[in-house]
Protein chains: 2
Amino acid sequence: MAVVVQKFGGTSVADPDRMRTVADHVARCRRRGDQVVLVISAMGKETDDLLRMAEQVSNNRPGREMDMLITAGERKACALMCMALADADVPARSFTGSQAGFLTDTNHRNAKILEITPDRVIEALAEGIVPVVAGSQGVSTDRDVTFLGRGGSDTTAVALAHTLNADLCELYTDVSGVFSTDPRVVSAATKMQSITFDELLEMTATGCPKPAMRSVEVAHNYQVPLHIRSAFTWEPGTLVVQEEPGMEQPIIRAVTHDLSESKITVSDVEDRPGVSARLFRHLADGGINVDMIVQNVSDQGCTDISFTVPTEDLSAATEIMGGPELADLGFKGISTDEAVGRVSIIGAGMKSNPGVAATMFETLADNGINIGMISTSAIRVSCVIEADRAEEAVAALHTAFGLDSH
Amino acid sequence: MAVVVQKFGGTSVADPDRMRTVADHVARCRRRGDQVVLVISAMGKETDDLLRMAEQVSNNRPGREMDMLITAGERKACALMCMALADADVPARSFTGSQAGFLTDTNHRNAKILEITPDRVIEALAEGIVPVVAGSQGVSTDRDVTFLGRGGSDTTAVALAHTLNADLCELYTDVSGVFSTDPRVVSAATKMQSITFDELLEMTATGCPKPAMRSVEVAHNYQVPLHIRSAFTWEPGTLVVQEEPGMEQPIIRAVTHDLSESKITVSDVEDRPGVSARLFRHLADGGINVDMIVQNVSDQGCTDISFTVPTEDLSAATEIMGGPELADLGFKGISTDEAVGRVSIIGAGMKSNPGVAATMFETLADNGINIGMISTSAIRVSCVIEADRAEEAVAALHTAFGLDSH
């Protein structure tokens, strides 16, 4: 009898009809002999509604109270799901993050899981009862309610699957799996039957919106078998596995893009040890999440440093860089560009295939697309280009690497 | 520095504007030197909305899951209230029933408080922070979330005021106090400056809708000073006090009425010991809350017993009475009447004033209103009459006992 953790996202449980559909599905899985543990997100757009209500009430929204507010959404959804399951003759019991044993740090709105002691979940399973766990929440070491952040239900599901030593973690969503690129941009995008943890991690880090990157990190760290699939068509989705793709797999698996970042260039920085360290330490201390960093070769003792930050952090970043703490570094200038996009190619096969990066650059050049920055990992090459050429670049790369469906 | 527990009901916090108004009020109380503890109900009609949603999702609505669902309403309201307070420069901290230390029994949807250990509330007060406690909820001895029932926020406030040894418990609502009768029925109804616990208890037991009767019972048992007042006009309301009304107080303080009950008459019951006991034991075991009971004089070894039950329990009650366990009692017949109303006069002063009941009966007779049942307590006389004469009876009694405003 397999233990399966099934996570259902907001659109999957958006209304009473959807709740009943999910309950039927769970009943069917149990008839097949699976032991099911559910993780449920807030219904539909409820989290957005709660955030909007908070904005209407107050300009001061302490993190602790925001978490108390937002987590109400998942609790409601869990309770309603248990009722729907009762109608489908499936005994079920809801658990808040705290009741399910999720202990987190005190970093409200974006808490990290420290430890899971799911005694009550295990107890329910042993009694033949389906545990229905509220996603994206826990209780902090200060005994306060915490929220794991947007998309945190995926993390809840994966972490719980690991702790329960589950056979499989299924993330049900409104897409039918992981695609070779965004199907809205390239209609020839293909759904992958399987993908490695490393590849999926690079994809989510470079613009693939689902599943949430944090959950993939956890799955990757603990090798939790994942299945990303649709709660609407119920067709098989994409399995995330540990082994490398075999011979029959293409070298490049996916093309991703991301328009959410901006580029900052600092020119004429003195090229001596410690300068970059101080710059990025100050940005990190200011909570700025720097992504790509490129430093040009030194020219007469000076260099240019370019990096990308989320566009929403752009003004905070430039403020920090213009602040008194960094004045002695003697930048000649800071320029910013919001109109950038990043396109990435990802594939574990590129490790043993030289020339992949060159093919990417050629493809972009053939299409007259200029490359602003380049960064690479063992299984990824990313280029920063003009934002309004990004979709065109994705389509060209998808074709060039033979990913178009036939 | 006085410790004041202030409870705000659903209409008082129905929208962002109302939340800010309440926050301003709390800020003002603190400037005057009070230490404020807030108890908050769900916003507006949210509890009704949640109940309706549950009905849409499922026909099976286990109590445990209903409580998990419904309590989300108060949590949201508490979190939002803390944000509104932050905007008014009042440091605040929300607490769920569990966090505030409300331990209850496991009777879901209508749990009873067993014990309160409000360590975190006391801690917040000591730090100069306003504790904002979610009304009508707790955690059961089984570690599940429990709901204290509709109107339970009043109970939360009164019980917490007792435990904290607060100087005053203020119940803010959408009426400006306790009236001599329902102002919708008698426009000459007068607001009382003060009333005794005993009188208020009799009033809430006989149809006065606010505050919730359970909270008055707790206030009565522990002599918690209450102030029932308006969150809209902020004018002084009605103080609930221990001492008897003085000389200047009228003998009768209030006239109440209640149309929510039905009358059951069992005719020709054998008049021997134990018959009534068995009848009412079976009804109690079936969860039927019997209110008034009147037994007529015995006539040739047989008697009639009439009693009232909530109309919603009428069919369950008649079913129990027609069941096999009671067959040997040999009732000749069971008749029911849903079209009954109860009018009551209440006043601690009637204890030392003979003739009060007679005046009531004369007043009803003068108006051609027939009395079906009578019951009395030390400070109350109630008559069951035809439902459609109830409002007329209330008005006549209000005038007869000199309660009309001048």
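I started with how α10 and α11 of chain A cross: the crossing is right-handed (near helix turned clockwise from the far one by less than a right angle). This is a predicted model, where local features need pLDDT of at least 70, side-chain atom pairs count only at pLDDT 80 or more, and totals for chains, interfaces and linings use all residues. Residues are numbered from 1 along each chain as written, chains are lettered from A and ligands numbered from 1 in the order written.

I looked up the axes of α10(A) (356–366) and α11(A) (390–400): they come within 10 Å and cross at roughly 130°. Axes are lines fitted to C-alpha atoms over the stretch in contact, with angles from 0 to 180 degrees between N-to-C directions. Helices are DSSP runs of H or I, at least four residues, numbered from the N terminus.

Next I listed who touches: A:Thr359, A:Met360, A:Thr363 and A:Leu364 of α10(A), with A:Ala393, A:Ala396, A:Leu397 and A:Ala400 of α11(A). Contact means C-beta atoms, placed from the backbone, within 7 Å.

Then I checked A:Ala161 in α5 (152–163) of chain A. Is A:Ala161 buried or exposed? A:Ala161 is buried, because 29 C-beta neighbours lie inside 10 Å (the cut-off is 20 or more). Beyond four places in sequence, its contacts include A:Val5 and A:Val224; A:Val224 is 63 residues away along the chain, with 7.1 Å between C-alpha atoms.

Last, I turned to the chains: 26 residues of chain B contact 26 of chain A. On the chain B side, α3(B) gives the most, 14 residues.

Note on methods:
Helices (H or I, at least four residues) and strands (E, at least two) are DSSP runs, numbered from the N terminus. A residue is buried if 20 or more other C-beta atoms lie within 10 Å of its own, exposed if 12 or fewer, and partly exposed in between; C-beta atoms are placed from the backbone. Two residues are in contact if their C-beta atoms, placed from the backbone, lie within 7 Å.
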